[in-house]
Structure formats: structure tokens, C-alpha cells
Amino acid sequence: MNKAKRRTVIAGNWKMNKTPSETTALINEMKPLVKDADCDVLLCVPFVDIAAATKAAEGSNIKIGAENVHFKESGAYTGEVSANMLKECNVEYVVIGHSERRQYFGETDQTVNLRTLAALNGGLKAIVCVGETLEQRELGYTETLLKYQTKMALTNVTAEQLKNVIVAYEPVWAIGTGVTATAEQADEGNGFVRAAIAEVYGKDVAETVTVQYGGSMNAKNADELLSKVNVDGGLIGGASLKAEDFSIIVKAASK
């Protein structure tokens, strides 16, 4: 972390978990545990949980985000949700291009870019996910792929809009597998992302962008991962569904 230059952000990504009533209970359990955080605390929840989440988080330091957004304002896109819909629901952030969206729902680098632009133009803050598969890493393409995905996602994003972008490095081989990148691998991957941003926007701007690590960060490894200079927080999966574990990560990011 480098808190002198950029915000540290711990964001929970609940994926397809928790009903509205369970959402209320979990956030109420979390609130006293994270109230003194010296970092941004964010929960990205399923669409059906947004109303319950925003109500439960009201008056606390927990911000609420969504897990996806469509690139059109309206239209014949069954099952999708637009930026203006999210904005009216008091959502502040949205996750875009998560590897599971890419793997299971046909997201591409092009649609990730379109969704990013739609979110930013709609007044939301974007958490844009990038990451390589195990095969791509073993072939030595990690740096090339991360730089390409980052630049593609940020195409036509202005330097001013970039202030509302977080990039999350998520090695696909470390998501939901229990395998975690070493702290050095996480720092290196985040460094590749920051270098790509620097190539487009300049080094000074790149130093202000929050780059999270998002591959199985948990209560046990958070301290080591967050000690690295390029790791500005985490996009947390399973550990964000347990109040105590999530709070331990938040405390690690608050040091």
C-alpha cells in the first residue's frame, strides 16, 4: 500500500450469495467490526440485495456496490441492469469484467470497456477486473495480457474519469481455488497493471490509481499481501461473507 498517494479499498464481492434478509443480518454484524477502518470499505452485492444492503449500511462507513452493469441505458436486454438504474438505487460502485463473467457469460475485453464507459458516464465508480489463466501464466504471457486487458478496458476513459476507476488484478487460477498468488506475484501483477496505466496516462497519474489484488485474499494472508507497495486493497470473495474474516482484512488494510 501507498496511502500517501492513493486510497486503500477493501471490497467484498458476494457473487451469487445471500438473500435480502441474510444481507441485512450480515451487514449489521459487520458494521461495528469495521467502523474504525482507515480504508474504504465496500460490499458489492447481488441486484436483489441492493435495497436491503443500502438500508442496512445507512449511517455507517460501508459503501454499497453492484456486481455488473449493462452498457446501454435501456432496451431489449432481458436480465440486465443499467447504470442509471443502479444510481437511483444509491449504488456507488460496480464490478466490471470479473473472470466469472468472462468465463460463464461471454464477457470480452470489448464489452468490459463498454460497460466501464457506461458506468463512468452514469456517475458510478468502476472496479475493473483483469487477470490471466494458469495456462497463460505458464506460457509467460502474464505481463503482456495484463497490460493488454488494462488498456482495452480503459479505452476512451479520460484522465478525469480515471479518478473513479479501480483496477483489480485477479489471477484466474487463484479465484475460488484456494490457491493464492504469493505476495511477490500479486505485487508484480499489480505492478504490470500500473505500468500499463502509466504508458497511457503517465507515471504520475498511474501512481494515484488504486490497484487491488483479487485472488483468494483472506484473513490469514491479508497482512502479507497488503504489505506490498502495489497492492492497494483487495476484491474479496468468500471471506467477505464472514463478518469476522472480512473485518480482519479491513484491519490489515487500516495499518
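User: At what angle do α5 and α7 pack?

Analyst: This is a predicted model. In it, α5 and α7 pack at an angle of about 40 degrees. Their axes are 8 Å apart.

User: Roughly parallel or oblique, then?

Analyst: Oblique. Angles under 35 degrees would count as roughly parallel, and 65 to 115 as roughly perpendicular. The angle here is about 40 degrees, so α5 and α7 are oblique to each other.

User: Which residues make the contact?

Analyst: From α5, they are D109, Q110, V112, N113 and T116. From α7, they are Y148, Q149, M152 and A153.

User: How do the residues of that contact divide into nonpolar, polar and charged?

Analyst: Four are nonpolar, four are polar and one is charged.

User: Let's stay with α7. How far apart are its end C-alpha atoms?

Analyst: They are 16 Å apart. Helix α7 has 12 residues, 142-153. At 1.5 Å a residue it should span 16 Å, which agrees.

User: Which of its residues are buried?

Analyst: T142, L145, L146, K147, Q149, T150, M152 and A153. Q149, M152 and A153 also belong to the contact with α5.

User: What covers the buried residues of α7?

Analyst: The cover includes the helices α4 (99-105), α5 (109-121), α6 (134-138) and α8 (183-201). Strands β5 (125-130) and β6 (165-169) are also part of it.

User: New topic. Where is E92?

Analyst: E92 is in the loop between α3 (83-88) and β4 (93-96).

User: Is E92 buried, exposed or partly exposed?

Analyst: Partly exposed. Its relative accessible area is 26%. Buried would need a value under 20%, and exposed a value over 50%.

User: What is E92 in contact with, leaving aside neighbours within four places in sequence?

Analyst: K63, I64, L124 and K125. With K125 there is a polar contact, side chain to side chain, at 2.9 Å.

User: And how far is E92 from T8?

Analyst: Their C-alpha atoms are separated by 16 Å. Along the chain, E92 and T8 are 84 residues apart.

User: Now S254. Where is S254 found?

Analyst: In the segment after α11 (243-253).

User: What is S254 in contact with, beyond neighbours within four places in sequence?

Analyst: K3, A37, D38 and C39. A polar atom of the S254 side chain lies 2.9 Å from the backbone nitrogen of D38.

User: How far apart are S254 and D40?

Analyst: Along the chain, 214 residues. Their C-alpha atoms, though, are separated by 9.2 Å.

Definitions and conventions:
Residues numbered from 1 in each chain as written. Predicted model: local features only at pLDDT ≥ 70, side-chain atom pairs only at ≥ 80, totals over all residues. Heavy atoms only, no water. Helix = DSSP H or I, 4+ residues; strand = E, 2+ residues; numbered from the N terminus. Expected span 1.5 Å × (residues − 1). Buried < 20%, exposed > 50% of the residue type's maximum accessible area, 1.4 Å probe, protein only. Contact = heavy atoms within 4.5 Å. Polar contact = N/O pair within 3.5 Å; in protein donor to acceptor, adjacent residues only side chain to side chain. Axes fitted to C-alpha atoms, helices over the stretch in contact; angles between N-to-C directions. Parallel < 35°, antiparallel > 145°, perpendicular 65-115°, else oblique. Nonpolar A, V, L, I, M, F, W, Y, C, P; charged D, E, K, R; others polar.
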